[in-house]
Amino acid sequence: MMKREVKGRWSIATERPSGKTTRKVNMPFSEAGLLKGLDAERAHADELAQASAAEMGERYFKARAARGNVAQALEIVKKAGSELPGEGDALSEADSK
């Protein structure tokens, strides 16, 4: 597991468990400076992120739609009928596995 060691305000060194430094990057800011004055309101902690189309699988659904057969799908829906499920229509726990 790698750990970070902050040395001064400007440099961050990443070290391996063996203690060898693998890289050193000079930063123009400090962690304390970034967190100064930050509270839940300024951090927008109450807001939810919106998932992108890629995260929601847009490509997958577009590919599925391109292969879709609307006429066949409508035939399947027509066979399903309009009656509500009745006694014994639901699958038991054992049947669904």
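Author: Let us begin with a pair of charged side chains. Asp39 forms a salt bridge with Arg42, the closest N and O atoms being 3.3 Å apart; a salt bridge is a side-chain nitrogen of Lys or Arg within 4 Å of a carboxyl oxygen of Asp or Glu. This is a predicted model, in which local features need pLDDT of at least 70 and side-chain atom pairs count only at pLDDT 80 or more, while totals for chains, interfaces and linings use all residues. Residues are numbered from 1 along each chain as its sequence is written, and side-chain values use heavy atoms, with hydrogens and water left out.

Reader: Is Arg42 buried or exposed?

Author: Buried means under 20% relative accessible area, exposed over 50%, and partly exposed in between (1.4 Å probe, protein chains only). Arg42 is exposed at 58%, whereas Asp39 is partly exposed at 36%.

Reader: How many salt bridges does a search of the whole structure find?

Author: The search finds three. One of them joins Lys62 and Glu58, with 3.7 Å from N to O. Both residues lie in helix H2 (residues 58–67), four residues apart, about one turn of the helix; helices are DSSP runs (H or I, at least four residues), numbered from the N terminus. Lys78 and Glu75 also meet in a salt bridge, at 3.4 Å, and they lie three residues apart in helix H3 (residues 70–80).

Reader: What share of the 97 residues is buried?

Author: Buried residues make up 6% of the chain.

Technical notes: Helix = DSSP H or I, 4+ residues; strand = E, 2+ residues; numbered from the N terminus.
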